[in-house]
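Please look through the sequence and the model shown here before reading on. The paragraphs after it are meant to be followed with both in view.

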Amino acid sequence: METLTVDRIVTLNVDVQNDFCPGGALAVTDGDEVITPLNALNDFTRENGGIVVASGDQHPQETPHFGPDAWPVHCVAGTEGAELHKDLNILPTDIIVDKGMGQTDGYSAFEGITRQGETLESLVAPHGRERVALLIGGLATDYCVKNSAIDATKVPQGEGRLYVLVIEDAMRAVNLQPTDGEEAIKEMEAAGARMVESVDILTGRALELAK
Ligand SMILES: [Zn+2]
């Protein structure tokens, strides 16, 4: 495995919300199993001076995103289902990205806006020759993780580099079709994202901070 040397780490926790976890309105099978690896990556990121971001659907009551030909009602803003899972390690100093507030699907966290009014792109785009690692995990592999990762590969890098690392053990798929998760991984790789395991990050095999 190639060890990437980077100047900064950003970790994106995609939509680890109650409605996508077991018992929720649009539960992803074993969705809560992403929490343990994400929590470890969030600690790692903060210890290395990086930025932890958590995105979430914040849908209106009525949207074309809900319906018989779309999705069951989920993550309506202000409801418990839209809250982040209580076990996810997100601190008040971390960044929250709200998405899906309008009449669109809002699958990608790059379509959202931080509570400080910034775009996710502005947080991850390299400054000058900076090398940035964006770690992505969460729910669900075949929708919001996939769309976020593919959008991340399109962020202008200028003279720097933005490495998009998708954490395979920190995401789970909806799998309306049984192979959707596998197909999503192929699409993310084709776009330029790299698949890694959380242990590869935590042990320094995949990533090292520049001195
Ligand atoms: Zn949604």
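Predicted model: local features only at pLDDT ≥ 70, side-chain atom pairs only at ≥ 80, totals over all residues.

Residues are numbered from 1 along each chain as its sequence is written, and side-chain values use heavy atoms, with hydrogens and water left out.

The secondary structure of the chain consists of five helices and nine strands, where helices (H or I, at least four residues) and strands (E, at least two) are DSSP runs numbered from the N terminus. Read from the N terminus, the elements follow the order β-β-α-β-β-β-α-β-α-β-α-β-α-β. The radius of gyration of the chain is 16 Å, close to the 17 Å that the globule rule gives for 211 residues, so the chain is as compact as a globular protein of that length; the radius is taken over C-alpha atoms, and the rule is 2.2 Å times the number of residues to the power 0.38. Along its principal axes, the C-alpha trace spans about 50 × 35 × 30 Å. Among contacts (heavy atoms within 4.5 Å) with a separation of 6 or more, 76% are between residues 24 or more positions apart.

Of the 211 residues of the chain, 53% count as buried, a term that means under 20% relative accessible area, with exposed meaning over 50% and partly exposed in between (1.4 Å probe, protein chains only). In soluble globular proteins, nonpolar side chains tend to be buried together. Not counting residues up to four places away in sequence, I201 touches L41, F44, L135, L165, I167, V196, A206 and L207.

The zinc ion has as its protein donors D57 (OD), H59 (NE2), H65 (NE2) and H74 (NE2), which lie 2.1 to 2.2 Å from it. Donors are N, O and S atoms within 2.8 Å of the metal (3.2 Å for Na, K and Ca), and water is not among the atoms, so sites may look incomplete. The angles among the four donor atoms run from 86 to 164°, and the site is irregular; four donors count as tetrahedral if all angles lie between 85 and 135 degrees, four count as square planar and six as octahedral if opposite donors are over 155 degrees apart and all others between 65 and 115, and anything else is irregular. Along the chain, the zinc donors follow the spacing D-x1-H-x5-H-x8-H. D57 lies in strand β3 (residues 51–57) and H74 in the loop between β3 and β4 (95–99), so this pair ties together parts that are 17 residues apart in sequence. Both D57 and H74 are buried.

The structure also holds two aromatic pairs, defined by rings of Phe, Tyr and Trp (its six-membered ring) whose centres lie within 6.5 Å, with planes under 30 degrees apart counted as stacked, over 60 as edge-to-face and the rest as tilted. W71 and Y143 form an edge-to-face pair, 4.9 Å centre to centre with 90° between the planes. W71 lies in the loop between β3 and β4 and Y143 in helix α3 (residues 141–152), so the pair ties together parts that are 72 residues apart in sequence. Y107 and Y143 form a tilted pair, 5.5 Å centre to centre with 50° between the planes, and W71, Y107 and Y143 form one aromatic cluster. Helix α3 is itself mostly covered, with ten of its twelve residues buried, and its buried residues pack against β2 (8–14), β4, β6 (131–139), β7 and α4 (180–191).

Leaving aside neighbours within four places in sequence, I51 is in contact with R8, I9, V10, T11, T45, I95 and L123, and G56 with D15, Q17, V97, D98 and K99. The C-alpha atoms of G56 and D15 are separated by 4.4 Å, although these residues are 41 residues apart along the chain.
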